Amino acid sequence: HIDYLLLSYIIHRRGLMVPYIAAGDNLNLPFVGQMLRGGGAFFIRRSFRGNGLYTTVFKEYLYSIVSRNTPLEYFIEGGRSRTGRLLPPKTGMLAMTVHSHLRSTSNKPIVFIPTYIGYERLMEGSTYIGEMQGKPKEAESLIGIAKTLRKIERIFGKVHVNFGEPVFLDDVLTANQARDVKLNINDELPTSVIHTVDHTAHAILENINKAVVAEIIARVAGDIMTGE
């Protein structure tokens, strides 16, 4: 969870507006949830399936954020990779962002900024190894956070934060002949917009990959694994 805390810190230090952050409701823990809300987080369910009212209310909330030109941060993979490689995109939030844009009458552009965050060492390295060996993922808890705090003073090397080439939504809409589509809150996405969402997601992932830093520790480990 250092990712979004670090990113908000960097953005604040650069004098820019700290984004709202889409967070899973598993992080809405006592005391911790209130602190994260104070830092810009809002909590959402992992799945909206089967709850039309929840979906409608959230769409309206997201539309209000987009309409106010408020920066928004979410993780397009929808989970944590255990291999270091990007996971296939989960496009739910992205689709609702595009939907909100096509509802708006302001025609203000939306730009996606792909962001790469790389660590020389991971605080949860032993946990990742355990999960790759078949152990179930541990749920977030106050006890787990307390255990993590004991690691804060250890040296974990450097962190690299790179911003990739931006992806302009209007360009992708134009390429998929969806620039002039207008939607209402409960309208389904037409095929051209679905293609726009898919192409935008993959463009974001490609530009994240282009911004990757080759960590020296990973390079040494790769040399050892391949016998070079």
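I began with Asp-170, which counts as buried at 15% relative accessibility; buried means under 20% relative accessible area, exposed over 50%, and partly exposed in between, with a 1.4 Å probe and protein chains only. This is a predicted model, in which local features need pLDDT of at least 70 and side-chain atom pairs count only at pLDDT 80 or more, while totals for chains, interfaces and linings use all residues. I kept the residue numbering from 1 along each chain as its sequence is written, and side-chain values use heavy atoms, with hydrogens and water left out.

**Entry: salt bridges**

I next looked up the partner of Asp-170. The side chain of Asp-170 meets that of Arg-179 in a salt bridge, at 3.6 Å from N to O; the term requires a side-chain nitrogen of Lys or Arg within 4 Å of a carboxyl oxygen of Asp or Glu. Arg-179 is partly exposed, with a relative accessible area of 45%.

Arg-103 counts as buried at 17% relative accessibility, whereas Glu-60 is partly exposed at 35%.

**Entry: the sheet**

I then turned to secondary structure. The chain has nine helices and seven strands; these are DSSP runs numbered from the N terminus, helices being H or I of at least four residues and strands E of at least two. I recorded an open sheet of three strands in the order β2-β1-β3, with parallel pairing. Because β2 (41-44) and β3 (72-73) stand at the edges with a single partner strand each, one side of each is left without a neighbour in the sheet. Two strands pair if DSSP finds at least two bridges between them. Strand β1 (residues 20-24) pairs with β3 in the parallel sense over two bridges, and I located Tyr-20 opposite Leu-72 in β3.

**Entry: the whole chain**

Of the 228 residues of the chain, 35% count as buried. Among contacts (heavy atoms within 4.5 Å), residues 24 or more positions apart account for 68% of those with a separation of 6 or more. The chain exposes about 14,700 Å², of which carbon and sulfur atoms supply 57%; accessible areas come from the Shrake-Rupley method with a 1.4 Å probe.
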